[in-house]
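Thanks for coming, everyone. Let me put the structure on the screen, and then we will walk through it.

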Amino acid sequence: MGEDEVQKLIVRGGNRLEGRVRISGAKNAALAILPAVLMASEKVSLYNVPDIIDVRTMLRIVEDLGMTIRRRGRNSLDFYPSGLRGFSPPYSLVQQIRASSYLMGSLLGRFGKAAVPVPGGCDLGPRPIDQHLKGFTALGADCRIEHGLINLTAGKLIGAHIYLDVVSVGATVNLMLAAVLAEGRTVLENVAKEPEIVDLANMLNALGAVVKGAGTDVIKIDGVKKLGGAEHMIIPDRIEAGTYMLAAAAAGGAVTVGEVIPKHLEAVTAKLREMGVEIEVEPEQITVSRNGPLIPSDLKTFPYPGFPTDLQPLGMVLLTAAPGTSVITENVFENRFRHVDELEKMGAQIKVEGRAAVIDGGLPLSGAPVAATDLRAGAALLVAGLIAEGETVLGEVDHIYRGYENIAEKLNSLGAQIKPQQLRGSSKATGDPG
Ligand code: EPZ
């Protein structure tokens, strides 16, 4: 049964997880790099591209704009940009993923204009783009929002000194894309330092751009006339890896995740050690083992290199298994506790106060019918099903397949008992462009 037909996952809890799981390419690197491919003038080959719904949607957008794509394998693709025409991606596809906002920067950078639908809101709270638009304006673009479209035009983009008011991954990506073909130097300050930003910078430089400082607070870009072609291997997905590490800690057992870049997971490794979990770090893999009781801990999310907000829902499930009181503080998004209602249906004792969630852990969860509200909440509920007593029926699983390649198969290969169920005539999951 193809993932796109699966509507529910039936999970039987109580199994430990043992073995090794292969980590796919990073979703949030691929979703930033694919818009960058639109700026190339020669063939681009990408390797280790995760085969997930959001990437497939972005590929359809890029193809709709005139790019020729040759799939060389499940995770390897060649792009031929000679047929590129439009600067206005299709509304129906753009609305499905928030990362389509990156098309603003790449199309504006390439064509001097872009007409991109306003990215939808989602279940993590408001997802403003004020910092993106502030940066485009600073580079000389005229930004207008008309009839649900963001219309950007610029006779010529001129390098500028831009200070972001908020550390934003999306704004950092978008402004890098808009600046690489601008005239002169652009300095971006107070930028995001995520590994996916560094991966994008490496890809842009491989195309012939001049981007320095990615991974630090200041990125300097010297505009060039044209970008050529390149080959690029996408970095491993640290959020996928962290998901399996936290799942292993929650279920008990011993799981190795590879290949990974351990440095990208230092905040997760440190937190797990604090909770009494054994971690063995090797150059390209990490092994998580847990046999004894978990120690309650406080968890605060921050932009990289802090504990990633995307793993906060998974951290919450883990903390429900630690006997005692733990506090999670979500410092990145305003409303990223929607998974709490679903976890409470499984017997979790959690009290939300604004940006803090107080977890009274130690009592086992019990299996129940629950539904994914967004991508990472869905993964968290799946892991909750692994540790709950009895059976959990997880709905709206489309959310999960947006960001995780073969998650049920990978967990079952570690000893989980997850059965996909297809529902006849059911509606597709909507919302949360993520
Ligand atoms: C990216 O979203 C990721 N998505 C998210 O991953 C991730 O959670 C987030 O970065 C934080 O790491 C992709 O890379 C496709 P932000 P993004 O701009 O760029 C505020 C997942 O599950 N803000 O860094 O949308 C914003 O409201 C997804 O893979 C402004 O105020 O996040 C938020 O509170 C979920 N104005 C904070 O910044 C702006 O113009 C961080 O948002 C932009 C953002």
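First, H1 and helix H2 (residues 53-64): their axes come within 10 Å and cross at roughly 0°. Axes here are lines fitted to C-alpha atoms, for helices over the stretch in contact, and angles run from 0 to 180 degrees between N-to-C directions. So H1 is roughly parallel to H2. Angles under 35 degrees count as roughly parallel, over 145 as roughly antiparallel, 65 to 115 as roughly perpendicular, and the rest as oblique. Helices (H or I, at least four residues) and strands (E, at least two) are DSSP runs, numbered from the N terminus.

A word on the source. This is a predicted model: local features need pLDDT of at least 70, side-chain atom pairs count only at pLDDT 80 or more, and totals for chains, interfaces and linings use all residues. Residues are numbered from 1 along each chain as its sequence is written, and side-chain values use heavy atoms, with hydrogens and water left out.

Which residues of H1 and H2 meet? From H1, Lys27, Ala30, Leu31, Leu34 and Pro35; from H2, Asp54, Val55, Met58, Leu59 and Val62. Contact means heavy atoms within 4.5 Å. By class, that contact of H1 with H2 has eight nonpolar, no polar and two charged residues. Ala, Val, Leu, Ile, Met, Phe, Trp, Tyr, Cys and Pro count as nonpolar, Asp, Glu, Lys and Arg as charged, and the others, Gly among them, as polar.

Next pair. The axes of helix H8 (residues 238-251) and helix H9 (residues 266-274) come within 11 Å, crossing at roughly 10°. That makes H8 roughly parallel to H9. Met245, Leu246 and Ala249 of H8 meet Val268, Thr269 and Leu272 of H9. Here the classes are five nonpolar, one polar and no charged.

Now the ligand. There are 23 residues around the ligand, and Asp130, Ser168, Val169, Asp310 and Val332 come nearest. Near means that a heavy atom of the residue lies within 4 Å. The shell around the ligand divides into eleven nonpolar, six polar and six charged residues.

Look at the polar contacts, pairs of N or O atoms within 3.5 Å. A side-chain N or O atom of Ser168 is 2.7 Å from an oxygen atom of the ligand. For Val332, a polar backbone atom is 2.6 Å from a ligand oxygen. For Arg376, a polar side-chain atom lies 2.8 Å from a ligand oxygen.

How much of the ligand does the protein cover? It covers 88% of the 820 Å² of accessible area that the ligand has on its own. Such areas come from the Shrake-Rupley method with a 1.4 Å probe. Helices H1 (27-37), H5 (130-138), H6 (169-179) and H12 (375-387) each give two or more residues to the shell. The largest share, three residues, comes from H5.

Last, the backbone. The peptide bond from Gly258 to Glu259 is cis, with omega near -10°. Glu259 sits in the loop between strand E14 (253-258) and H9. Tyr304 and Pro305 are also joined by a cis peptide bond, with omega about 15°. Pro305 is in the loop between strand E17 (299-301) and helix H10 (312-320).

Terms used: A polar contact is a pair of N or O atoms within 3.5 Å; within protein, one must be able to donate a hydrogen and the other to accept it, and residues adjacent in sequence count only if both atoms are side-chain atoms.
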